[in-house]
Amino acid sequence: MILPLRALLFASHGAYRALGFRSRTLRGIDRDVHVYERAGKGTAPPVLLVHGMAGHAGAFLRIVPSVVRASRRVVAIELPGHGRSRLREGESPASVRECAHAVGVALHQIDEPAVLIGSSLGGALALFTAAAHPNRTVAVIGLNPAGAPLEGADRQAVLETYGSGDGLSALRRLYQRPPALGWLFARDLGRQLGSAAVRHFLSELASDLPGMGVDVLGAIDKPVLILWGEGDRILPRSSVEYFRSHLRRGTVETIPDCGHLPMVEQGKVVAARISRFLADL
């Protein structure tokens with residue numbers, strides 16, 4: 001049996017709604033950008049969640065309850081062309097820079113400065129947004145964030161994972177231990193990896209999209225926590241040392257038995273560490 005990814009998207013939408021989140025379209029931007037939002041139960045600053053390439057807000061569901069308990073407000077954005085942020089008929093896919101703009105708009109619509117939590121590409125967008133909007137940022141948490149420069153074979157590994165159209169291969173590279181039922185969605189995952197939004201991101205990467213420069217990381221004067229799954233088969237281990245070397249106030253921790261998506265594969269560990277980080281702000 002083969003299941004479509006829209007079944008997961010529908011299930012994650014239902015899960016957010018069951019957790020008390022409101023679903024709405026972001027104001028102040030030309031594209032349709034969807035967000036989930038709700039008041040939190042804690043005293044920590046608001047949190048903005050940013051998913052990665054080919055993903056959607058459902059990637060954070062294992063950690064969302066803990067974030068809601070810790071924070072005053074929680075917002076999860078879905079990047080243009082992802083999740084419920086659908087491209088309009090005839091609309092061109094968004095560039096990485098346009099996605100960064102959408103994250104900045106979402107950040108400014110939160111009533112007070114917030115903590116940015118981003119996974120993979122979303123981690124790079126979170127770091128860039130923190131540098132560009134320091135007065136609206138309290139801290140950043142990156143979960144295997146992209147953004148470190150990629151050269152040669154490292155760049156090719158990303159292109160092959162997302163550009164092959166092979167869903168099973170992508171699952172094996174995204175996870176250290178792929179979900180037992182992941183094969184049910186593998187074929188449709190391959191189609192998702194071939195979406196216009198993903199192809200456009202890959203074209204930017206293939207044309208030597210530069211990594212996040214030392215000047216950007218050095219401009220972030222807020223606390224940064226990087227949580228890195230040690231078994232990442234997509235981004236190279238050299239990224240860990242790059243962030244350790246160039247973040248002004250950065251803490252980089254590795255998570256064993258974990259691949260590229262630590263909030264999915266090691267959700268309890270990640271949720272507990274994020275809760276401690278938020279409590280210390």
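Contact here means heavy atoms within 4.5 Å. By that criterion, among contacts in the protein chain between residues at least 6 apart in sequence, 78% join residues at least 24 apart.

This is a predicted model, in which local features need pLDDT of at least 70, side-chain atom pairs count only at pLDDT 80 or more, and totals for chains, interfaces and linings use all residues. Residues are numbered from 1 along each chain as its sequence is written, and side-chain values use heavy atoms, with hydrogens and water left out.

## Overall build

Helices (H or I, at least four residues) and strands (E, at least two) are DSSP runs, numbered from the N terminus. The protein chain has twelve helices and eight strands. Its radius of gyration is 17 Å, close to the 19 Å that the globule rule gives for 281 residues, so the chain is as compact as a globular protein of that length. The radius is taken over C-alpha atoms, and the globule rule is 2.2 Å times the number of residues to the power 0.38. Along the principal axes, the C-alpha trace spans about 45 × 40 × 35 Å.

The accessible surface comes to about 12,000 Å², and 52% of it belongs to carbon and sulfur atoms. Such areas come from the Shrake-Rupley method with a 1.4 Å probe; for residues, only the protein chains shown count as cover. Buried means under 20% relative accessible area, exposed over 50%, and partly exposed in between (1.4 Å probe, protein chains only). Of the 281 residues, 55% count as buried.

Strand β7 covers residues 224-229, and six of its six residues are buried. Val-224, Ile-226 and Trp-228 point one way from the strand. Leu-225, Leu-227 and Gly-229 point the other way.

Two strands pair if DSSP finds at least two bridges between them. Strand β6 (residues 137-143) pairs with β7 in the parallel sense over four bridges. Strand β8 (residues 250-255) also pairs with β7 in the parallel sense, over six bridges. Leu-225 of β7 takes part in both pairings: Ile-141 is its bridge partner in one, and Thr-251 of β8 in the other.

β7, α10 and β8 make a right-handed β-α-β unit. Right-handed means that, with the strands pointing away from the viewer, the path from the first strand over the helix to the second runs clockwise.

## Salt bridges

Side chains of opposite charge can pair when their charged atoms come close. A salt bridge is counted when a side-chain nitrogen of Lys or Arg lies within 4 Å of a carboxyl oxygen of Asp or Glu. The structure holds ten of them. Three are tabulated here.

| Salt bridge | N to O distance |
|---|---|
| Asp-32 and Arg-88 | 3.1 Å |
| Lys-222 and Asp-221 | 2.9 Å |
| Glu-241 and Arg-244 | 2.9 Å |

Asp-32 and Arg-88 meet in a salt bridge. Asp-32 sits in the loop between β1 (22-25) and β2 (34-39), and Arg-88 in the loop between β4 (73-78) and α3 (96-108), so the pair ties together parts that are 56 residues apart in sequence. Asp-32 is partly exposed at 30% relative accessibility. Arg-88 is partly exposed too, at 39%.

Asp-221 is partly exposed at 31%.

Glu-241 and Arg-244 both lie in α10, three residues apart, about one turn of the helix. Glu-241 is partly exposed, with a relative accessible area of 40%. Arg-244 is partly exposed, also at 40%. Elsewhere, salt bridges that share partners join Arg-22, Arg-24, Glu-37 and Arg-73 into one network.

Ser-12 belongs to helix α1 (residues 5-18). Ser-12 is buried, with a relative accessible area of 4%. Leaving aside neighbours within four places in sequence, Ser-12 contacts His-56, Gly-58 and Leu-61.

Met-212 lies in the loop between α8 (196-206) and α9 (214-218). At 9% relative accessibility, Met-212 counts as buried. Not counting residues up to four places away in sequence, Met-212 touches Ala-124, Leu-127, Phe-128, Gly-147, Leu-217 and Tyr-242. Met-212 and Phe-128 are 84 residues apart along the chain, while their C-alpha atoms are separated by 7.8 Å.
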